[in-house]
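Have the structure open while you read.

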Amino acid sequence: MKISYNWLNSIIQTNLSPEKIGELLTGTGLEVENIEPYHSIKGGLIGITVGKVLTCEKHPNADKLSITTVDIGHHEPLHIVCGAPNVAAGQKVLVATVGCTVHPSKGEPFEIKKSKIRGEVSEGMICAEDELSLGESHDGILVLPETVEIGAPATQYFENYSDFLIEIGLTANRGDAASHLGVARDLRAVTNNEIRLSNYQLPKSDQNPLKVTIKDTDCLRYSGISISGVQVKPSPAWLQNRLKVIGISPINNIVDVTNYVMHELGQPLHAFDATKIAGNEIVVQKAAQGTKFTTLDKVERILTGQECMICDAEKPVAIAGVFGGLHSGISAETTTLFIESATFDAASVRKTAKKHGLNTDASFRYERGTDIEMTIKALTRAVELILEVSGGFVSSKLVDVYPTILQPARVNFNIKKFNKLIGQKIGLRTIKKILLALDFSVIDETPEHLLLEVPLYRTDVTREADIAEEVLRIYGLNNIAIPSSVNISINSSIENNQFALRNKISDYLTDNGFNEILNNSITKSAYYHENDLQHAVKLLNPLSNDLDVMRQTLLFNGLEVLQYNRNRRTTDMQVYEFGKTYRKAEHGYAEQQVLAVFITGKKHGESWHNPAKATSYFTLKTVVENLLKKAGIKKYKTALIEEGSLKFQTTISFQQQLLVTFGAVPQPTRQLFDLSEDVWYAEINWDSLCAIGLSGRTNLEPISAFPSVRRDLALVLDKKITFTEIEKIARKTEQQLLKDINVFDVYEGDKIASGKKSYAISFVLQNAEKTLTDDEIEGTMNKLIKQLEKELGATLRS
């Protein structure tokens, strides 16, 4: 949001510097991001002086240079080396003195320094018009009339308009401040200065206005008036300068006035050539789907049928609140105008502007909400200025269609609660003064309560908290004392415990070489199969085709991270991410907190004593088991899924509740991301993990004082039998003494029968109360062998 300092001062006279105004506005919440001087002539001719060339001689060491002496009103003339072909003694010229900065019409500004040019001292520069942004010519120096006074600043001869540009970072909720008047309102509240606006009255007219009909409820109010006998021409300098300061290029006097009023009062206006409005009628309605409409930028647009359109008796003439039509706009031949001042629904304008890729000054304001009570005031101001800059006369009565009159919102404000919230007492008198300065009305009051009526232009103020913010930002956050002590109460809750567990898990992963990543929850639907898309949460207005659905898994976002790093020659990666997944549920939508773990590349880097080793299924399995252990979950069931979405897909569950799914990302999926090496992926249901892990109590068990015993078996089984099945039978057969079971070798070859494989398995036995005897050990092992033989057909390999 750009504000002109001079323009603002014409509305509210403060006698404050631009910097002080910037400080005050920032304190009110209108953050001033930049303040910079503006000059209609680049650089403002600062340091440029009128001089007279006293002598001019050829440079002894350069054919195209001259040595001059120039009188600029000082005691001694300046010695200046000049390269212009037309320089001559007796001329009045513009001189850039040492230390000043020259702003050419093309190129970057540069500082004038005392220097030697081909051995001769030069104490300034005699300027051409393009070197001072006074024109484009560089044929020679600019020669002034003889009547110009020597030593006078150039600004006495060339008119330069100076101002300051104040740039405000306007937040989306402060549409009321999208004008000089809006900014002046906040300035009034903190300085107590009065706002001065024109009190111009509309001239009377006996002519009937255009007929206006509102058929679309997206139009809340529509006002208009006709002006005849106007002359379209360039705007006067004062109007052009005001617009140029805030970055708007002047077009013609009519269009410039509509822009001026919008930036002054915050109300968008549109000027039609009245002779091009068929049937002398305006109808606000939806156009038929597929209707073609050409906007002022000469682009033909296909309407969806959802746009609110301004139409005449035959055709659309403008997209309401967004952009005018090419064939009804102002031209050099226009003599009769119809000026529109209306209020449109913010959501409707926002959707239309986004659909057609349009972002205009008008849509910017309508999207944030405009003042429905400003339509007539802005129209009156526009009439005043148009008659001033273009002539003509008002040729119709004012038309104002306002179907449903909006009533101001009312909000109860608890003063005691407010003072408790901010930790400091602000008196009732001060609070009322601030609110009245912000145009709030006090309907009723008690020592502790105020019933307030909110001005209609403050669409962002709807509740008590908003009133508190209004008072506080004007009172000043810097005026709230910082307490000498801070009192807090520490409470224990499930959320705190979950946070602690998350930190614990994150610390473990980070300590083991993992990096945490964070991705967008929005991804592209192309990643998912058609069946998955049936459960996808789709965006109604996606930013692009690559960001059109909410993610159902963290897999694809993580693979994008791996691809990004692999393309930058980082191939060995271990990353994790906490995030939510989203899907449609039977009644609405479901969100699930998930922890995703990715491993790819080498487990260890190359070393002279330790060869590089690739990560594997067991690398990931170890990480997953350690995470469960960190969460306090020890008893769980592991199952290998033969036909899952992952290769070697394994699930871990607790009491029929799925906790973890892990395995290798299939090659077709990896190819989508140009990943040639194996990627091991685990997805942990964080909500379930927390619910189970935090529900149990931690039990301390002493380390057994009695030794454990290891026995190894080489079992020959069918190829289809997995280690998971062996472990399940073993633990069911011996629940007391069997502490651990592990496979340390798998053999398939000509030493055993076809269709068979050999597992080398270690069994660790331990009794917590005594040392195991040989008979107990042998008995336990025989029991395990018989059970494995009975259920799996296992035989001991000889």
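Predicted model: local features only at pLDDT ≥ 70, side-chain atom pairs only at ≥ 80, totals over all residues.

1. Seven strands make it up, and their order is β29-β32-β33-β39-β38-β37-β36. The sheet is open, with mixed pairing. Its edges are β29 (515-516) and β36 (637-640), each of which pairs on one side only.

2. The partner here is β32 (residues 573-585); the two strands run parallel and are joined by 2 bridges. If you want a landmark, N515 stands opposite V575 in β32.

3. Next, which helix lies across β32, β33 and β39? That would be α14 (residues 555-566), which runs at about 35° to β33 (588-600). For finding your way, β39 covers 679-685.

4. K580 forms a salt bridge with E591, with the closest N and O atoms 3.1 Å apart. This pair links distant parts of the chain, since K580 sits in strand β32 and E591 in strand β33, 11 residues apart. K580 is partly exposed, at a relative accessible area of 34%.

5. Further along the sheet, check the loop between β37 (647-654) and β38 (657-664), where you'll find Q655. Q656 is in that loop too. Phi is near 50° for Q655, a positive value in a residue other than glycine. Q656 also has a positive phi, near 70°. Are these side by side glutamines buried or exposed? Q655 is exposed, with a relative accessible area of 68%, and Q656 is exposed as well, at 75%.

6. Side chains of opposite charge can pair when their charged atoms come close. How many salt bridges does a search of the whole structure find? The count is 35.

7. One of them joins E776 and K770, whose side chains meet at 2.8 Å, N to O. E776 is partly exposed, with a relative accessible area of 26%, and K770 is partly exposed too, at 38%.

8. There is also a network to trace: salt bridges that share partners join R174, D176, D186, R458, D460, E470 and R473. R174 counts as buried because its relative accessible area is 5%, under the 20% cut-off. D176 is buried as well, at 10% relative accessibility.

Methods. Residues numbered from 1 in each chain as written. Heavy atoms only, no water. Helix = DSSP H or I, 4+ residues; strand = E, 2+ residues; numbered from the N terminus. Buried < 20%, exposed > 50% of the residue type's maximum accessible area, 1.4 Å probe, protein only. Pairing = 2+ DSSP bridges. Contact = heavy atoms within 4.5 Å. Axes fitted to C-alpha atoms, helices over the stretch in contact; angles between N-to-C directions. Salt bridge = Lys/Arg side-chain N within 4 Å of Asp/Glu carboxyl O.
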